[in-house]
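Student: Can we go through this one together? I'd like to start with the inside and then look at the rings.

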Amino acid sequence: MPSSYPAFFRYRYRKYRNEKGIVPLLMPKLIDDPLDDGNCIWDYLFAVWHDTAKNLDDWKDVESAIKEWVVGKDAISLNDAMDFWEGGLAVEDHTDEVKAAYSMIKKHLREKLPSVDFSILEFPSLDEERDRFREQVLKFFALELHIIEDEFAKYLIKTIKDNPSYEPGCKNTYKEIATIGTSVPLEQQANVILSFNYTTPLLEKSIDDSIYYQRNVHGDTGNYEYSQTFGREYHVIFGIDGLSRMDKPEIYQFTKTARVLELPNQYLPEEMKGRSIFDAQENGDEIKEIKFFGHSLGEADYSYFQSLFDQVDLYGSKTKLTFCYTTMHGPNYDAIIELMNRYGETVIPEAHGRNLLHKLLLEERLKIATLSPLVVA
């Protein structure tokens, strides 16, 4: 469901935004809305990002926005907010929307986290105390991120239940992705699906025999519903890339690496239990092709791509890459080039990394494919 992220955040934005469209998130909680658990501290930020430079039209911007707040040095970030709260920045340095958001965040923290001591910010020389303040606030932001994640899971569940064509549409899409650009019949394929979505339509009811294994790396709505039924804690994952951030505990808690460690094992159909993503290689075969569909190729998931390309020895192997798009959502050439160039920086020797993209093109191992709009639901 590639469009689910921006649709969801537009939905929250409309619910909480002031009627005049000037000050974000001053609307009271909507009455009798089963998807609404009230204001979350992240709502103040997502609204001001929407009202200023970020429209969150591209789903990966949600996670880059989280990164900006957590590790950023410029507006809009926690570091900038701390400077604002201590009075170190002139009022004119911020727009009305940003000032309103920072004020609402401060009010929200005082109500929900009474132990936080804003007076510490009046003493810039107390570095250790300021660090503890920052860690305390970030821990609270990490906890409240679960509210957004849970609301998103409920939003997806409701959206899918209201759309009876979703499951058959996804299965038709899978079949076209699997057969496009190859002469191998579907019934002779053994495909592994690494899904960055949160739903599992291909594992519902009858499962195509060509699907060898599927993993939803950031959690799934099925596990969320199961956990809610039995009173267990479970959250789908919004997070940032863990590369170069694993030694910073206050940042680490927001990384996908840390969050994936907390996820329970995904429920799998009986025939898939005991299987893994790289079984083909362990059995002496080669992964013939990696196909991408519906992914922004954003920075937040770069570590996954690097690990995958390393595993298949992208430079030295014969593995093909196919990026699948639709006529409605065309190719993002810049994202593909950036992904290949960034991965090329890790290839040794350096000269091989620099010519990785050219090598893949010359060997016809990198292709762009367009899916039929009649098939994609």
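This is a predicted model: local features need pLDDT of at least 70, side-chain atom pairs count only at pLDDT 80 or more; totals for chains, interfaces and linings use all residues.

Student: OK, which residues touch the most other members of the largest nonpolar core?

Tutor: Trp42, Trp69, Trp85, Leu109 and Phe254 do. That core has 55 residues.

Student: Which elements give two or more residues to this core?

Tutor: Helices H1 (4–16), H2 (41–51), H3 (60–71), H4 (78–85), H5 (96–112) and H6 (127–161). The largest share comes from H6, with 13 residues.

Student: What about the second, separate core? How many residues are in that?

Tutor: The second core has 25 residues. Among them are Ile287, Ile336, Leu339 and Val347.

Student: Back to Trp42. What does Trp42 touch?

Tutor: Leaving out residues up to four places away in sequence, Trp42 touches Ile66, Trp69, Val70, Phe141, Glu144, Leu145, Ile148 and Phe254.

Student: Which aromatic cluster is Trp42 in?

Tutor: One that also holds Phe46, Trp49, Trp69, Phe84, Trp85, Tyr102, Phe118, Phe133, Phe141 and Phe254.

Student: Now the rings. How many aromatic pairs does the structure hold?

Tutor: It holds 21 aromatic pairs. Take Phe196 and Tyr304 as one of them. Their ring centres are 5.4 Å apart.

Student: Why is that pair called edge-to-face?

Tutor: Because the planes of Phe196 and Tyr304 are at 80°, and planes over 60 degrees apart count as edge-to-face.

Student: Where do those two lie?

Tutor: Phe196 is in the loop between strand S1 (191–195) and strand S2 (211–216), while Tyr304 is in helix H12 (residues 302–311). So the pair ties together parts 108 residues apart in sequence. Phe196 is buried at 15% relative accessibility, but Tyr304 is partly exposed at 23%.

Student: What about Phe292 and Phe305?

Tutor: That pair is edge-to-face, with centres 5.9 Å apart and planes at 65°. Phe292 lies in strand S3 (residues 289–293) and Phe305 in helix H12, so parts 13 residues apart in sequence are tied together. Both Phe292 and Phe305 are buried.

Student: Last thing. Which ring does the charged end of Arg342 sit over?

Tutor: The ring of Tyr302, at 4.0 Å from its centre. Lys359 lies over the face of Tyr315, 4.6 Å from the ring centre.

Technical notes:
Residues are numbered from 1 along each chain as its sequence is written. Side-chain values use heavy atoms; hydrogens and water are left out. A nonpolar core is a set of buried Ala, Val, Leu, Ile, Met, Phe, Trp, Tyr and Cys residues joined through side-chain atoms within 4.5 Å. Buried means under 20% relative accessible area, exposed over 50%, partly exposed in between (1.4 Å probe, protein chains only). Helices (H or I, at least four residues) and strands (E, at least two) are DSSP runs, numbered from the N terminus. Contact means heavy atoms within 4.5 Å. Rings of Phe, Tyr and Trp (its six-membered ring) pair if their centres lie within 6.5 Å; planes under 30 degrees apart count as stacked, over 60 as edge-to-face and the rest as tilted. A charge sits over a ring if NZ of Lys or CZ of Arg is within 6 Å of the ring centre and within 35 degrees of the ring normal.
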